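Student: I would like to learn how to read a model like this one. Could you take me through it feature by feature?

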Amino acid sequence: MNHPNQTFAELEQRWQTTHWPNLNKRQLVYADIRPVLDELAATTALAHKVIGTSYLGTPIRRFTLGQGPLVVLAWTQMHGNESTATAAVLDWLKLLSQHCPADLPDDWQDLMTLHVIPMLNPDGAAAGTRETAQGIDMNRDALAQQTPEGRLLWQQVQQLKPTVAFNLHDQNPYYAAGEGGDPATIAFLAPAYHPDKHVDGPRLRAKQLIAHMRQILSHWLPQGIGRYDDTYSQRSFGDAIAGTGASTILIESGEHRHDPNRQVARKLNVMALQAGLSALLSGVYQDYGLADYYAIPDNVSDGFVDVKMTNLTIDDGEHPSYQVDVCLNRCNASPSYVIEFVGDSRGQQGLEEIDGSGVKWQQLPQLGAVADTLLAFVRQQVTPR
Ligand SMILES: [Zn+2]
């Protein structure tokens, strides 16, 4: 079903036909995006410049569209293994440079300047790690600034003085949008800039913009949008940048069932960013209040496990038999599953759920044990013959 808002119905269609096909990957590295950056630089009116290099010397580029007084700054992949939004911002830049979406006035580039820094941590991306080549979590380096990438981001914020800042990340697949809700495919946060979590004007605007973005996204994700915890973290960039007076918006891309490369979250990042951009210009965000922001359900950690198997019968032939549920998670990026929970798993959701009634297993399941054989056995037993 098309989006009831004609602009977003059209934008979705346009995204389907224009997004970069080679970026449909779970993990993007600099070599993946380089041809795209080159093409954007060569074929569009986007201004671009190398603003610095990573610790190991990979260039970090910034693209700019427009020259107006409202400044929007977006950056992605400060955590190397979180690349969903990198594809999204490159799609967005292509869309914006080819066509003026219907929700923007024709002269929007005179009203606003949009800066985008894709892949701030190319070294971590290459290594598949959250951290930079120095082993530092860049998002805890806002004060110490021992990473060249972190210094670069801070410099950009000082120089550009963004009105709105988009801090784009990926979250682990186990978050639920509220207790018992769907996987949180998108989560939002207007970070605090102080331990007391005051809401000043810019933070209020961030929350209103988020409420609007959520309203637009809810067509695609009626139960899959969460609100991230706003505990203040002085070392983190989002919180530090919120302290500069920028309306700062964190977007976390998350799991969506049967979508391992997070292409749903990729598309919805484009839609959310566009909704934020146009609302900032039109002022439509002012129709929302704090209650609309807090109506977004909590982004609940560990709301899901990878696999939940219920009602397995454990019978080792020597001791009393019993029935348990066994939950498994994938071990980081490895293909192996380990046992996360044994017992009564009511209230726990599985991204995959298997009714193991009637399945007998002869070993006592142990927490932390690799469970690939168990999972293969249960799957085989419950497969309809
Ligand atoms: Zn992150």
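Predicted model: local features only at pLDDT ≥ 70, side-chain atom pairs only at ≥ 80, totals over all residues.

Student: Now the metal. Which atoms coordinate the zinc ion?

Tutor: To read a metal site, start with the donor atoms. Here they are ND1 of His79, two OE atoms of Glu82 and ND1 of His169, at 2.0 to 2.7 Å. Written along the sequence, the spacing of the donor residues is H-x2-E-x86-H. The two histidines link distant parts of the chain, 90 residues apart: His79 belongs to the loop between strand S3 (70-76) and helix H3 (84-98), while His169 is in strand S5 (residues 164-170).

Student: Is the site of the zinc ion tetrahedral or irregular?

Tutor: For this, look at the angles among the donors. Four donors count as tetrahedral if all angles lie between 85 and 135 degrees. The angles at the zinc ion run from 54 to 154 degrees, and the site is irregular.

Student: Are the histidines buried or exposed?

Tutor: The cut-off for buried is under 20% relative accessible area. His79 has 2% relative accessibility, so it counts as buried. His169 is buried too, because its relative accessible area is 3%.

Student: Turning to the open spaces, what is the volume of the largest pocket, and which residues lie nearest its centre?

Tutor: Its volume is about 1,600 Å³. The lining has 45 residues, and those nearest the centre are Arg26, Gln171, Asn172, Pro173 and Arg262. Helix H8 (237-242) and strand S9 (247-253) are among the elements that give two or more residues, but S5 gives the most, with three. By class, the lining of this pocket has 13 nonpolar, 17 polar and 15 charged residues.

Student: And how many cavities of 30 Å³ or more are there?

Tutor: The structure holds four of them. The largest cavity has a volume of about 40 Å³. Its lining includes Ala190, Tyr193, Asp200, Arg203 and Thr248. Helix H7 (201-217) and S9 each supply at least two lining residues, with H7 giving the most, three.

Student: How does the lining of the largest cavity divide by class?

Tutor: Seven of its residues are nonpolar, two are polar and two are charged.

Definitions and conventions
Residues numbered from 1 in each chain as written. Heavy atoms only, no water. Donors = N, O, S within 2.8 Å, 3.2 Å for Na, K, Ca; no water. Tetrahedral: all angles 85-135°; square planar, octahedral: opposite > 155°, others 65-115°. Helix = DSSP H or I, 4+ residues; strand = E, 2+ residues; numbered from the N terminus. Buried < 20%, exposed > 50% of the residue type's maximum accessible area, 1.4 Å probe, protein only. 1 Å grid on protein atoms, 1.4 Å probe; cavity = no way out; pocket = protein on both sides within 12 Å on 5 of 7 lines; lining within 4 Å. Points joined across faces, edges and corners; volume = space filled by probe spheres on them. Nonpolar A, V, L, I, M, F, W, Y, C, P; charged D, E, K, R; others polar.
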